[in-house]
Amino acid sequence: MDTIIEEGFTRLTETIAELGERRGALETEILSDLSGLLEKMATLATPLVGTLGNQFLERSKQDSKGELYDTVHYEKKMIVIGRAEEPVHYRPDDPKKSVQKQFCLLTEDGVLAELMYSDDGFIIDSYLNLLTPGEAIDLYGPELLFMLYRALHDYGNLQEELVVALDTTLAFIQQKEE
């Protein structure tokens, strides 16, 4: 093998090994502060939650056909960034109420919380349990970071498509009027 090729190949393998070590150190540093990263992402995302979020059911009654009536929704909008695979057995506000569904949310106030739904067959109600970023990561895992990123990414793409469609519509209207 030519010495230049051999030296270049040797240097390439050394560079790959160095980058692998650096990558490992960086990953360790990031993993050591996932809650800090979630907090910063949530702060940046908060101004958009009022636009892209939804209002969630706070409580409702259910008739014999499963139809809801006398529904009340939370005033603030929220986005879901996680879901518990196995909900907790009971709600912190009332140990008599079992939890059927449990979600991690970001509210339009920039608060992380979990929403716990209970259903006794007649009344569906919920409990909004505020979380710190560290508690959210501990309970729902690092997937929260990806889900928050994905929600904003998808919303951004939809906004871009909407603006293009509005531009096209406006161009069509203006052409018609000329």
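This text walks through a predicted model, from its sheet to its cores and then to one serine.

Six strands make up an open sheet, and their order across it is 2-1-8-7-6-3. The pairing in this sheet is antiparallel. Strands of a sheet pair through backbone hydrogen bonds, either parallel or antiparallel. At the edges stand strand 2 (68-73) and strand 3 (78-83), each of which pairs on one side only. On average, neighbouring strands of the sheet are turned by 25° against each other, direction ignored.

Strand 6 (residues 101-107) and strand 7 (residues 112-119) run antiparallel and pair over six bridges. In this pair, cysteine 104 of strand 6 stands opposite glutamate 114 in strand 7.

Two helices pack on the sheet. Helix 2 (residues 34-52) touches strand 3, strand 6 and strand 7, and its direction makes about 90° with that of strand 6. Helix 3 (residues 133-140) touches strand 3, strand 6, strand 7 and strand 8 (123-131). The direction of helix 3 makes about 120° with that of strand 8.

Another pairing involves strand 4 (residues 90-91) and strand 5 (residues 94-98), which are antiparallel and share two bridges. A hairpin of two residues joins strand 4 to strand 5. Tyrosine 90 stands opposite serine 98 in strand 5.

Next come the nonpolar cores. The largest has 20 residues, and Leu38 and Leu106 touch the most other members. Helix 2, strand 3, strand 6, helix 3 and helix 4 (143-177) each give two or more residues to this core. Helix 2 gives the largest share, six residues. A second, separate core has nine residues, among them Phe56, Met78, Leu105 and Ile124.

The last stop is serine 126, in strand 8. Is this residue buried or exposed? Serine 126 has a relative accessible area of 11%, which is under the 20% cut-off, so the residue counts as buried. Its side chain has two polar partners to look at. The side chain of serine 126 reaches the backbone oxygen of glutamate 58 at 2.9 Å. The side chain of serine 126 also makes a polar contact with the side chain of tyrosine 74, at 2.7 Å.

Conventions
Residues are numbered from 1 along each chain as its sequence is written. This is a predicted model: local features need pLDDT of at least 70, side-chain atom pairs count only at pLDDT 80 or more; totals for chains, interfaces and linings use all residues. Side-chain values use heavy atoms; hydrogens and water are left out. Two strands pair if DSSP finds at least two bridges between them. Helices (H or I, at least four residues) and strands (E, at least two) are DSSP runs, numbered from the N terminus. Axes are lines fitted to C-alpha atoms, for helices over the stretch in contact, and angles run from 0 to 180 degrees between N-to-C directions. Contact means heavy atoms within 4.5 Å. A nonpolar core is a set of buried Ala, Val, Leu, Ile, Met, Phe, Trp, Tyr and Cys residues joined through side-chain atoms within 4.5 Å. Buried means under 20% relative accessible area, exposed over 50%, partly exposed in between (1.4 Å probe, protein chains only). A polar contact is a pair of N or O atoms within 3.5 Å; within protein, one must be able to donate a hydrogen and the other to accept it, and residues adjacent in sequence count only if both atoms are side-chain atoms.
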